[in-house]
Amino acid sequence: MDKEMSEALVRTGPGTRMGNLMRRYWVPILLSREIGEPDGPQVKVQILGEKLLAFRDSEGRPGLIDEFCSHRGVSLYFGRNEENGIRCAYHGLKFDRNGKCVDVPSAPHVCERMNIKSYPCVERAGMVWAYMGPPGKMPAPPELEWCTLPESHVFVSKRLQECNYLQAMEGGIDTAHVSYVHKYEVDNDPMHMNTRALDYIKADGNVIFTIEKQPFGLSMFGRRNGDADSFYWRVTQWLFPWFTLIPPFGEHVLGGHVWVPIDDHNCWAWSVNFHPDKPLSEQERRDLEQGRGIHCEYEPGSFRPKANKDNDYLIDRVAQREKRAYSGIFGFAVQDSSLQESMGPIQNHEAERLLPTDKAIVMARRMLVEAAIGLEQGVEPPAVNASAQHVRAAGVLLERGADPLAWAREHLADASDQPVYSI
């Protein structure tokens, strides 16, 4: 990938090509519980390079506004959240959740010219989402399957990943690595264990990919040997601009990720597990809360993983030799992030030498850049219509002569009336 294309992909701040594209979609901002109480403490938020402030007003409505007061630039983090607004602690200016200045004690007549930036918010799946794009282009709120389910059916976490969103997201697109870095831990993880899928994955590390462009993004078909007369197909979905859906294992929870830039050197890795048709069991929820599966343990009082670059991700060379952890690092989330962060804050794309298994990554990069350039030329971005998000991932055994693309069009395009396809 040349430098110009790389720069277009990795820069997401205001006014950048990719930043403009991403702002046309609803953006996950923070967990609803981070601003759990009306008039509770406000929270600093940085998303897409913008420093913002999230809070819940007196009526329980989430708000997202510029962090800084329009008067002298003081951080409103040190203000008072009261009576449906944030009041600056320096000179008493007050702003509601729409960024409207509603009080200037020393000069009430200038309120109108003191307004600050704000973004509309909605809540889905225990998350606060914001629309940060042009007001006249706001799409319907997200309709990914896990966004539409009762709270009892879904578990969501987020973790800080200290690298650019692109190399993090590409780990979600690249399913070939499952046969390697996660190889030894899947047998004991409660979200993966005791499934036939693991037998096929471990027996055949030479996955062969077929990729199909979709209105929503990409469907990635990973083929491994199944039984004597079948292939095992894992169908991963990538949805514009940052969602990935993970093929399920047996009757365990379904999963997915959202990869959201904080700035050009850090991102939020959101991890989601859900059952479409039943609540999570007490044991499942307990395992997820403890950081099992695609989640992780944290440093106290933060969303930074307990195993991080400052402690070499708690690498255990003995466990590596004994084949208890392929890379010597435990936990799927940290196994991935350790390798992705090792590339540096922004990967040197000019130095990479890609392989056939990277076809989906190449296609996703090209589609993102084309969409960003198209937006500059007045072309509407892909999949801004929330109905494009109704797809589902799958794992399935098909006869060796069957067409997996045709099968997926029939069974995965609309998850609402289909069973879960899993092995």
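Strand 1 and strand 11 (residues 127–131) run antiparallel and are joined by five bridges. Within this pairing, Val 27 has Ala 130 of strand 11 as its bridge partner. These assignments, like those that follow, refer to a predicted model.

The two strands belong to an open sheet of three strands, arranged in the order 1-11-10 and paired in antiparallel fashion. The edges of this sheet are formed by strand 1 (26–31) and strand 10 (121–124). Each of these edge strands has a single partner strand, and therefore one side of each remains without a neighbour in the sheet. On average, neighbouring strands of the sheet are turned by 35° against each other, direction ignored.

For Cys 69, the closest cysteine sulfur is that of Cys 88, at 4.0 Å. Because a disulfide requires sulfur atoms within 2.5 Å, this separation is too far for a bond. Cys 69 has a relative accessible area of 6% and is thus buried, the threshold for this class being under 20%.

Cys 296 likewise takes part in no disulfide. The cysteine sulfur nearest to that of Cys 296 belongs to Cys 267 and lies 12 Å away. Cys 296 also counts as buried, because its relative accessibility is 8%.

Technical notes:
Residues are numbered from 1 along each chain as its sequence is written. This is a predicted model: local features need pLDDT of at least 70, side-chain atom pairs count only at pLDDT 80 or more; totals for chains, interfaces and linings use all residues. Side-chain values use heavy atoms; hydrogens and water are left out. Two strands pair if DSSP finds at least two bridges between them. Helices (H or I, at least four residues) and strands (E, at least two) are DSSP runs, numbered from the N terminus. Axes are lines fitted to C-alpha atoms, for helices over the stretch in contact, and angles run from 0 to 180 degrees between N-to-C directions. Buried means under 20% relative accessible area, exposed over 50%, partly exposed in between (1.4 Å probe, protein chains only).
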